[in-house]
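Hi,

Here is the structure I promised to pass on.

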Amino acid sequence: MDRIFTNLNLVTMKTDLSTPNDGYQIIQDAMVGVTNGKIEYVGHSCPEIFHGHPDVIDCGNALVTPGFIDCHTHLIFAGNRANEFEQRLQGVPYQDIARQGGGILSTVNATRQASEDELYHLAVQRLEGLKRDGVTTIEIKSGYGLTLYDELKMLRVAKRIAKLPDMKVSSTLLAAHALPPEYKDKPDDYITLICDSIIPTVAEQKLADHVDVFCEGIGFSVEQCQRVFDAALTHGLGIKGHTEQLSNLGGSALAASMGANSVDHIEYLNEDGVKSLAKHRTVATLLPGAFYFLRETQLPPIDLLRKHHVPMAISTDFNPGTSPIASLRMMMNMACTLFRLTPEEALRGVTCNAAQALGLQSSRGQISVGMEADFALWQLDSPAELSYRLGVPDLIARVVDGNVFYN
């Protein structure tokens, strides 16, 4: 073993798809051995193994969890919409704000005008908040360019962030995020551009792992989203969906039936849709930050998801318009207080279930032999505290591929 971590209270989150909720799987007085960035040994401390080893790190009885995974973010953009936030609180309707050039298209305009360097530095600054919450893997979507040139620009920035030594990135093409002004009243033509030009180019340049869509009355229809999914699958890319956030159009069932790793938001998902997720092993990603920020009242169907054993992930949905919150632990707390998840469900939502939402369940999200050596060290007594307490700097360090990055 290259490196050995000793004196751990280890929260492994080991799981089996047949028994998805089997506790935190805590090992007291534990030890983890790492070779070539992967976990080679997990178990109780064995002094005869590490005695005399040249690279032993005593973790001082720290609570250790898998590295957190933020599986749905819009981290890359320029500008901000604090002025719109203030206007809405003063009673200005969103439609009026949009007519004044606000809304998502204001972010599109600012992002188009920004250089790759500018977008990179803005995103890296935002990333610091997530690092402080123990995040070691992040998903980053495009979707604020809405042209071939600008979508590629955003995805190149995501790949540049992936070169950081202490953060892993899964990138997602979200060109079907909104209708750009150049295609006003021509949504089918824009979908054709996505399918015939943007997706093939992104796949050829290996800039994305998944393709996402916004399936909603103010976004794109089920039929249009299916065209995008078909093109993505044809070019070897995974699929995900922003679905059932504002209404129940059936986008979740469509995405699941076509092999989506996750569907996200899902406040208006009904039992038929939940059954489809269960049948196809699709993760339901909860985004409590957007629910809170928009002051929504329609809760996601948590009891139905539990009843049908659908894994639930939790993410920040970090974005400038509906969830400008770079704290995954705050999302865990919101998921517990607003959606009534248990702390164990919340921790699964940012570890093993979040890994599954990105198709990474075989390599990340739990601490077991063969997994990538990504974990977080906490100055805490119990895993429930991760959802319970906010604002206190509990993180000691993050470990990425066996390398230690102190807070």
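Asparagine 36 is exposed, with a relative accessible area of 69%. You'll find asparagine 36 in the loop between strand E2 (26-35) and strand E3 (38-44), and its phi is near 55°, a positive value in a residue other than glycine. Bear in mind that this is a predicted model, so everything here is computed from it.

Is aspartate 317 buried or exposed? Its relative accessible area is 2%, which makes it buried, as the cut-off is 20%. Aspartate 317 sits in the loop between E12 and H13.

That loop, between strand E12 (312-314) and helix H13 (328-339), also holds alanine 326. Alanine 326 is partly exposed, at 23% relative accessible area. Leaving out residues up to four places away in sequence, alanine 326 touches Arg126, Gly129, Leu130 and Phe318.

Now the overall picture. The protein has 16 helices and 15 strands. Its C-alpha atoms fill a box of roughly 70 × 45 × 45 Å along the principal axes. How does the radius of gyration sit against what a compact globule would have? For 407 residues the globule value would be near 22 Å and the protein has 21 Å, so the two agree. Buried residues make up 57% of the 407. As for contacts between residues at least 6 apart in sequence, 71% join residues at least 24 apart.

At 1% relative accessibility threonine 136 counts as buried. Not counting residues up to four places away, the residues it touches include Gly67, Phe68, Asp166, Met167, Asp374, Phe375 and Val399.

Isoleucine 194 is among the buried residues of H7, along with others including Tyr190, Ile191, Cys195, Ile198 and Ile199. An α-helix has 3.6 residues a turn, so residues three or four places apart point the same way. Keep that in mind when you look at Tyr190, Ile191, Ile194, Cys195, Ile198 and Ile199, which are buried. Towards the end of the helix, Pro200, Thr201, Val202 and Ala203 are buried as well. What covers the buried residues of H7? The cover includes helix H6 (148-161), strand E7 (168-176), strand E8 (210-215) and helix H8 (222-234). Just after H7, lysine 206 takes a positive phi of about 55°.

Last, the aromatics. The count comes to eight aromatic pairs. One of them is phenylalanine 77 with tyrosine 144, an edge-to-face pair at 6.2 Å centre to centre and 75° between the planes. This pair links distant parts of the chain, 67 residues apart: phenylalanine 77 is in the loop between strand E5 (68-70) and helix H2 (82-89), and tyrosine 144 in the loop between strand E6 (135-141) and H6. Both phenylalanine 77 and tyrosine 144 are buried. Phenylalanine 85 and phenylalanine 293 form a stacked pair, 5.2 Å centre to centre with 20° between the planes. Phenylalanine 85 lies in helix H2 and phenylalanine 293 in helix H11 (residues 288-293), so this pair ties together parts 208 residues apart in sequence. Phenylalanine 85 is partly exposed at 36% relative accessible area, whereas phenylalanine 293 counts as buried at 18%.

Phe77 and Tyr144 also form one aromatic cluster with Phe318, and Phe318 is one of the residues that alanine 326 touches. Two charges sit over rings too: the charged end of arginine 160 is 4.0 Å from the ring centre of tyrosine 120, and that of lysine 186 is 5.6 Å from the ring centre of tyrosine 183.

Cheers

Notes: Residues numbered from 1 in each chain as written. Predicted model: local features only at pLDDT ≥ 70, side-chain atom pairs only at ≥ 80, totals over all residues. Heavy atoms only, no water. Buried < 20%, exposed > 50% of the residue type's maximum accessible area, 1.4 Å probe, protein only. Helix = DSSP H or I, 4+ residues; strand = E, 2+ residues; numbered from the N terminus. Contact = heavy atoms within 4.5 Å. Phe/Tyr/Trp six-rings, centres within 6.5 Å; stacked < 30°, edge-to-face > 60°. Lys NZ or Arg CZ within 6 Å of the ring centre and 35° of its normal. Rg over C-alpha atoms; globule rule 2.2 N^0.38 Å.
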